[in-house]
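Please walk me through this structure in running paragraphs, starting from the place where its chains meet and moving on to how each chain is built.

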Amino acid sequence: MCAQEVNLPTVPVNEVAEPTLVENIVTMFQIHKLRLDWELMPTALKLELLMQKVKDRSERRVAALTGLDQAVVVRCKKLLSFPRRYQELMLDADPEKRIKADFFIELYPILHDRLTARFDWFKPNAFTDAMLEKHESRALKAVTEFRFVKQQLNNSVKANRIGLMSRRLREFADDPTIPVSHLAIDSIKTAASARKIAKSAKVLYDVIDSLDPNEYYGEGELWKSLERLSELIRKRLKQLGRRIDK
Amino acid sequence: MWLNDFVGYRSAVNQGRIEEWLQQFAAKDRDVAARVLDTVDFFGPDRIAHAFRAGLAALPGWHTSAAQRTGRWIFVQMSSSAGDSGGTMIHQFRLANRMARSVYDRMFVFPSMLVQEQLTADDTVVLLDDFVGTGEQATMAWNLSFSELVAGAGTVYLMVVAARRRGRERVQSNTNLLVHAAHEFDDSDDLFGDDCQHFTADEKRTFKKYCERASKKTPAGFGDCGLLVVFSHRCPNDSVAALHASHSRWRGLFPRND
């Protein structure tokens, strides 16, 4: 009608090509970056489709393409490594049955541990089922307790107590009521050392927290030391698989 | 009569269990308890099947013949653990609509498979469940994941056997879901509500005492729905606690868990 009113012989049209599936998904990720974060499992499923279409599973490149943090891409790939029946548990509409993605992300390092792979009795899906049962019976107080399990696995190698660890882990998996403390084979030295480091970290935290940057503006060595410390802490947290983008 | 009414509940409802349940009430209150049982709205397999048959037939664009349907149709269970209401619903839905044969398998997917379907505006997704009570669960599930999983689909239905009117309205105003329920409950179905004409105020107070013993936190059921609804596969937690709560001080006639 506008064209008729201004006596144009034809209607000028700006023809835009239909976006491809990949363009659509990337646009969705970019929109969501500016809005609320998605739940991790739906995000993982979208990523899976995207990775199939672009034929690229590189975490760095997929992160760059979608605008997601690389750590989020890593977490999503961990979720995608679980069989479908576990993925369904994360999507369950019933909150009583829904299992949070964090459960599977924290469990992942145990399932893919070099030591557990050597235990002839250890089957990842059976172990996952056992942990879900433990979670339901509340013998597992928090999913972060899986980090303690991983720590005990690591330390059992150092302490040359792999046989004992295998037996205890199997007992832990077989009996839903056995708490995570059953796996404790840390030496007293490790626990004491952990407490000492945590105490020192708190002291240092308080000192840095109360530090006025203007007052120490020209103290180059101080800032260099803090930079080195910050980098080291981030490196260690990354080794641990912890998110450092918070 | 009750034995016939409640046949097929997931845990046996026999003469002994009914008497045991009634014994939990003081002798003077057993008449009210018995009348509550009379008023229970029980959905057995036949009623559920009928609801799903009528429900699907009523959806615009649906036809049993693929050639006469509009776009692709995908049916999804909203709750997926083995033995739960979602799994039961999909099975009953397929039987009710004569879609149990493997030729129809392609139309029934799990939520995690929805993204791979690459849905378009011509497609219709039907989410299946048994009940919408307060509408909170469906709304939350939509916001947490389903809205993303079905992104791209032209129409998304939530088909349930029964719904509270308030719950259905809540879901429809907070999500893009079109809720289809074969049976609808309104405020007069809230046992403890003023609109409920089946019981006097005294009788309601009497029965509520026992519901409070069954559940201090939610005597009238989740969201204070006050319903007397029971499905053969499970009693919804929106129903009054005396029907389903089970612990050392109370044993519901329709326990939700084994």
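Across the interface of chain A and chain B, one salt bridge is found, a salt bridge being a side-chain nitrogen of Lys or Arg within 4 Å of a carboxyl oxygen of Asp or Glu. The side chains of B:Arg256 and A:Glu96 form a salt bridge, with 3.6 Å from N to O. Helix H2 (21–34), helix H3 (40–54) and helix H6 (84–91) of chain A each bring at least two residues to the side of chain A that touches chain B, and H3(A) gives the most to that side, with seven residues. Helices here are DSSP runs (H or I, at least four residues) and strands likewise (E, at least two), numbered from the N terminus.

This is a predicted model, in which local features need pLDDT of at least 70 and side-chain atom pairs count only at pLDDT 80 or more, while totals for chains, interfaces and linings use all residues. Residues are numbered from 1 along each chain as its sequence is written, chains are lettered from A and ligands numbered from 1 in the order in which they are written, and side-chain values use heavy atoms, with hydrogens and water left out.

Between chain A and chain B there are also five residue pairs in polar contact, both residues at pLDDT 80 or more; a polar contact is a pair of N or O atoms within 3.5 Å, where within protein one must be able to donate a hydrogen and the other to accept it, and residues adjacent in sequence count only if both atoms are side-chain atoms. The side of chain A that touches chain B is made up of 10 nonpolar, three polar and 11 charged residues, with Ala, Val, Leu, Ile, Met, Phe, Trp, Tyr, Cys and Pro taken as nonpolar, Asp, Glu, Lys and Arg as charged, and the others, Gly among them, as polar.

In terms of contact (heavy atoms within 4.5 Å), 24 residues of chain A meet 25 residues of chain B. The two chains bury about 2100 Å² between them, and carbon and sulfur atoms give 52% of this area, where buried area is the accessible area (1.4 Å probe) that two parts lose on being put together, summed over both. In chain A, the residues that lose the most area to chain B are A:Glu88, A:Ala93 and A:Lys97, which together account for 25% of what that side buries.

Turning to chain A itself, its secondary structure comes to 12 helices and zero strands. Its radius of gyration, taken over C-alpha atoms, is 25 Å, whereas a compact globule of 246 residues would have one near 18 Å; the globule rule used for this is 2.2 Å times the number of residues to the power 0.38. Along the principal axes, the C-alpha atoms of chain A fill a box of roughly 90 × 60 × 35 Å. The domain assignment gives domain 1 (21–80), domain 2 (95–186) and domain 3 (198–231), and the C-alpha centres of domain 2 of chain A and domain 3 of chain A are 37 Å apart. Such domain bounds come from an automatic or database domain assignment.

Chain B, by comparison, holds nine helices and nine strands. The radius of gyration of chain B is 19 Å, close to the 18 Å that the globule rule gives for 258 residues, so chain B is as compact as a globular protein of that length. The domain assignment of chain B gives domain 1 (2–39 + 186–251) and domain 2 (48–185), and their contact takes 13 residues from domain 1 of chain B and 17 residues from domain 2 of chain B. These two domains bury about 1200 Å² between them, 68% of it on carbon and sulfur atoms, and the one salt bridge found across their interface can be set beside the salt bridge of B:Arg166 and B:Asp187, at 2.8 Å from N to O.
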